[in-house]
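Here is a colleague's note to be read beside the sequence and the model. The points are numbered so that each can be checked in turn.

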Amino acid sequence: MNWFAPAAAAVLAVLFPSNADSRARPDIDPAVWVVRDADTTIYMFGTFHLLDGKSDWFNDEVRTAFDAAQEVTLEAIMPDDPRLLQAMVMKYALDPSGRTLPERLDAATRTKLDQALTAAGVEPRSFDRFKPWFAASALTSLSVERHGLTGAAGPEAAIKQTALSSGKKISELEGIEKQLAMFDGLPEAEQVKYLEQSLDENSDLDKQLPVLLKAWGTGNTKKLAAMLNEGLKKTPAVYKAMFVDRNAAWTDWIVHRLDKPGTVFLAVGAGHFAGKDSVLDMLARRGLKWKRYKG
């Protein structure tokens, strides 16, 4: 299954606020890992960018690790002003050449896209000016939104707010603009393949999403690797840009951060901690020992 960095769903997360229920919610236990040296501890939490607010994840190991940290690092920090966010997304998502999205697609893909957008409650022609990568990511986001999941109810929003209210230092690994530029830098042929694959997987989302959420909530990294990462290998440039290159950069960040004393809570998408070429895999290759954190 194709998934997305926070940036790809940024505007949609703003437009579809959370309807999270404040009543008692069932407990789930997503995975947290920890890597240490003599004077530094880095907790690594794998997030699920969009949630429905119906389960309690910010407790147990996640909360203990968060509370122990002096600083928090996310993939990207959403701007508080939605206008800034939208302007940033449009800078990369819109095609200034004047070519329309349908012009880039074959007839079968155009038909699938129109049907998928219509089912998501979107006028298909409203996407004509967007590049294929954005159509792919936005389609997945819209489809997930239909199941009641939003960025406003996701872990990053809660972690950011709690970090700010508790006075913890908060920083980002990449930032929204760097993520958008990453997608925009993909070759057009790979963007189109990414869209085609997203359309194929979108039709099976009703069955796949509950399985994916269960895997995340139980820390089942093998299942997450199979569902989140393996599909991307069908589009090698996308896999390299979204997964391999970023994981290598984040591994470097962890290695260098271990040179500085302190305790850090690092939260990035769970797929980056799952399977071959993951951050955990790359840390192990560099001789660093990590373990599943149990509180």
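1. Gly 217, once its neighbours within four places in sequence are left aside, is in contact (heavy atoms within 4.5 Å) with Ile 28, Asp 29 and Pro 30. Gly 217 belongs to helix α10, which covers residues 205–217; helices here are DSSP runs of H or I with at least four residues, strands are runs of E with at least two, and both are numbered from the N terminus. Gly 217 is buried, with a relative accessible area of 6%, where buried means under 20%, exposed means over 50% and partly exposed lies in between, for a 1.4 Å probe and protein chains only. Between Gly 217 and Asp 56 there are 9.6 Å in space, C-alpha to C-alpha, although the two are 161 residues apart in sequence.

2. Please keep in mind that this is a predicted model, in which local features need pLDDT of at least 70 and side-chain atom pairs count only at pLDDT 80 or more, while totals for chains, interfaces and linings use all residues. Residues are numbered from 1 along each chain as its sequence is written, and side-chain values use heavy atoms, with hydrogens and water left out. The chain has a mean pLDDT (the predictor's confidence in each residue, from 0 to 100) of 90, and 92% of its residues reach 70 or more. Over residues 13–23, however, pLDDT stays under 50, and for this stretch the model has 16 contacts beyond four places in sequence.

3. Leu 205 also lies in helix α10, and Leu 205 is buried, with a relative accessible area of 6%. Its C-alpha atom is separated by 9.0 Å from that of Thr 140, which is 65 residues away along the chain. Ser 55, by contrast, is found in the loop between β2 and α2; Ser 55 is buried too, with a relative accessible area of 16%. Leaving aside neighbours within four places in sequence, Ser 55 is in contact with Arg 25, Pro 26 and Ile 28.

4. How many of the eight residues of strand β2 are buried? In this strand, residues 40–47, the count is eight of eight, and both faces are covered, with Thr 40, Ile 42, Met 44 and Gly 46 on one side and Thr 41, Tyr 43, Phe 45 and Thr 47 on the other. Strand β1 (residues 32–36) pairs with β2 in the antiparallel sense over five bridges, where pairing requires that DSSP finds at least two bridges between the strands. A hairpin of three residues joins β1 to β2, and Val 32 has Phe 45 as its bridge partner in β2. Strand β5 (residues 262–269) runs parallel to β2 and is joined to it by eight bridges, and the partner of Tyr 43 in β5 is Phe 265.

5. Aromatic pairs deserve a separate point. Rings of Phe, Tyr and Trp (its six-membered ring) pair if their centres lie within 6.5 Å, with planes under 30 degrees apart counted as stacked, over 60 as edge-to-face and the rest as tilted. By this rule the count comes to 16 aromatic pairs. One of them is the edge-to-face pair of Phe 58 and Phe 66, at 5.3 Å centre to centre and 80° between the planes. Phe 66 and Phe 265 form another edge-to-face pair, at 5.5 Å and 80°; because Phe 66 lies in helix α2 (residues 60–68) and Phe 265 in strand β5, this pair ties together parts that are 199 residues apart in sequence. Both Phe 66 and Phe 265 are buried. Phe 45, Phe 48, Trp 57, Phe 58, Phe 66, Trp 216 and Phe 265 form one aromatic cluster.

6. Charged side chains also sit over rings, the rule being that NZ of Lys or CZ of Arg is within 6 Å of the ring centre and within 35 degrees of the ring normal. The charged end of Arg 63 sits over the ring of Phe 58, 4.6 Å from its centre, and that of Lys 168 over the ring of Phe 66, 5.1 Å from its centre.

7. A nonpolar core is a set of buried Ala, Val, Leu, Ile, Met, Phe, Trp, Tyr and Cys residues joined through side-chain atoms within 4.5 Å. The largest has 37 residues, of which Phe 127, Phe 134 and Leu 195 touch the most other members. Its largest share, seven residues, comes from α6. A second, separate core of 34 residues includes Val 34, Phe 45, Ile 159 and Leu 228.
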